[in-house]
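Welcome, and thank you for taking a look at this structure with me. Below is a short tour that starts with the whole chain and then moves on to a few individual places.

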Amino acid sequence: MSEHILQNRENGVLTLTFNRVDKKNALLGEMYTALSDALEQAAQDDAIRVAVFQGSVEVFTAGNDLIDFLQNPPDADKGRDVPVFRFLEALRVFPKPMIAAVCGPAVGVGTTMLLHCDLIYAGDNAAFSMPFVNLGVCPEAGSSLLLQNLVGYHRAAEKLMLGEAFYAEEALDMGLVNRILPPHEVNGYAQAQAAKLAAKPASSLRITKALMKQHQPTLSAVMLEEGRYFSELIRGPAAKEAMSAIMEKRRPDFSKC
Ligand code: COA
């Protein structure tokens with residue numbers, strides 16, 4: 001359990017709400033653990049037929065907590081014992097529909113986790129970004145594969161290499177989101193879609209998802225490889241310079257990295 005992840009189970013829908021608003025819902029290890037526990041239980045629980053992720057009307061999540069990154073850099077050798085890796089794997093294998101309701105910034109894993117979701121509804125204030133290179137690390141959550149599958153190589157390269165934010169209209173055009181709504185309507189719309197799915201035959205939904213996902217046979221290996229490089233890079237000079245620059249509120253100098 002984590003006070004920063006609210007959990008609601010109602011009418012077959014598990015709703016997981018990021019709830020660390022003062023830190024823009026930045027994700028801590030304990031939050032990944034709570035999310036993983038909830039997903040792993042829900043995968044086994046016939047009473048849960050759909051999972052929904054949401055933040056607040058202002059922010060989905062600022063991604064991994066940067067201080068936590070510095071203090072507890074993920075170590076690929078520890079595999080599932082690393083909370084973020086366990087969460088990403090729980091997302092990858094979750095067999096039931098997952099919906100994300102995204103308002104405001106969705107940074108880093110806040111965007112890459114969407115590549116594992118089935119339906120995504122965004123507020124017109126949504127801002128997506130994958131600033132991994134700017135932080136001296138590399139893509140995670142299978143995004144090096146999933147993003148180019150979704151949007152094509154060049155567009156994926158632009159998003160992953162420049163790491164700049166892009167907004168709801170572009171995300172809709174890219175096929176990353178299903179629909180844009182006024183921010184205060186997003187969570188309600190996601191719940192209405194979840195209720196529709198929860199009323200459908202669970203076995204048909206599970207097989208539909210499994211059939212669609214089987215065309216990503218290398219995803220697990222890609223995620224392991226990303227994790228190995230990420231662990232190496234986060235201990236390297238570029239990540240140290242990027243994090244120091246953020247703490248010191250200055251521009252990073254990568255000229256020697
Ligand atoms: N980790 C830790 N703390 C974070 C955070 C993160 N990823 N993102 C935001 N915060 C904290 C800020 O330090 C600030 O804390 P303070 O009030 O104690 O100073 C608070 O949340 C508010 O953030 P702020 O930057 O003032 O909000 P904003 O509305 O101007 O901008 C973001 C929101 C999300 C665009 C911006 O905070 C941001 O870019 N954060 C970093 C995202 C990032 O690099 N994540 C890692 C991805 S791998």
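## A first look at the chain

The chain exposes about 12400 Å², and carbon and sulfur atoms supply 54% of that area. Accessible areas here come from the Shrake-Rupley method with a 1.4 Å probe, and for residues only the protein chains shown count as cover.

Before going further, please keep in mind that this is a predicted model, in which local features need pLDDT of at least 70 and side-chain atom pairs count only at pLDDT 80 or more, while totals for chains, interfaces and linings use all residues. Residues are numbered from 1 along each chain as its sequence is written, and side-chain values use heavy atoms, with hydrogens and water left out.

Along its principal axes, the C-alpha trace spans about 55 × 40 × 40 Å.

Of the 257 residues, 51% are buried. Buried means under 20% relative accessible area, exposed means over 50%, and partly exposed lies in between (1.4 Å probe, protein chains only). Contacts (heavy atoms within 4.5 Å) can also be sorted by sequence separation: among those between residues at least 6 apart in sequence, 71% join residues at least 24 apart.

The chain has 25 positive and 30 negative charges, and their mean positions are 2 Å apart. Lys and Arg count as positive and Asp and Glu as negative, leaving out His and the chain ends; each charge is placed at NZ of Lys, CZ of Arg, CG of Asp or CD of Glu.

## The nonpolar cores

In soluble globular proteins, nonpolar side chains tend to be buried together. A nonpolar core is a set of buried Ala, Val, Leu, Ile, Met, Phe, Trp, Tyr and Cys residues joined through side-chain atoms within 4.5 Å. Which residues touch the most other members of the largest core? They are Phe 53 and Phe 128, in a core of 64 residues. Helix H1 (residues 29-44) gives the most to this core, with 7 residues. A second, separate core has 14 residues, including Val 186, Ala 190, Leu 197 and Leu 205.

Helix H5 (residues 143-151) has Ser 143, Leu 145, Leu 146, Leu 147 and Val 151 as its buried residues. Their cover includes helix H4 (109-112), helix H6 (153-162), helix H7 (168-174) and helix H10 (219-234). Just after H5, Gly 152 takes a positive phi of about 95 degrees.

In H11, the buried residues are Ala 238, Ala 239, Glu 241, Ala 242, Met 243 and Ala 245, and what covers them includes helix H2 (66-71) and H10. Ala 242 lies in this helix, which runs over residues 237-247. Leaving aside neighbours within four places in sequence, Ala 242 is in contact with Asn 134, Leu 135, Gly 136, Pro 252 and Phe 254.

Ala 239 and Phe 254 are 15 residues apart in sequence and 9.5 Å apart in space. Ala 242 and Gln 193 are 49 residues apart in sequence and 40 Å apart in space.

## A loop, and some positive phi values

Asn 25 sits in the loop between strand E2 (13-18) and H1. Not counting residues up to four places away in sequence, Asn 25 touches several residues, among them Phe 18, Arg 20, Met 31, Phe 60 and Gly 63.

Most residues other than glycine have a negative phi. Lys 24, in the loop between E2 and H1, has a positive phi of about 55 degrees although it is not a glycine. Lys 249, in the segment after H11, has a positive phi of about 50 degrees and is not a glycine either.

Here are the accessibilities of the residues discussed above.

| Residue | Relative accessible area | Class |
|---|---|---|
| Asn 25 | 0% | buried |
| Ala 239 | 1% | buried |
| Ala 242 | 2% | buried |
| Lys 24 | 47% | partly exposed |
| Lys 249 | 77% | exposed |

Notes: Helices (H or I, at least four residues) and strands (E, at least two) are DSSP runs, numbered from the N terminus.
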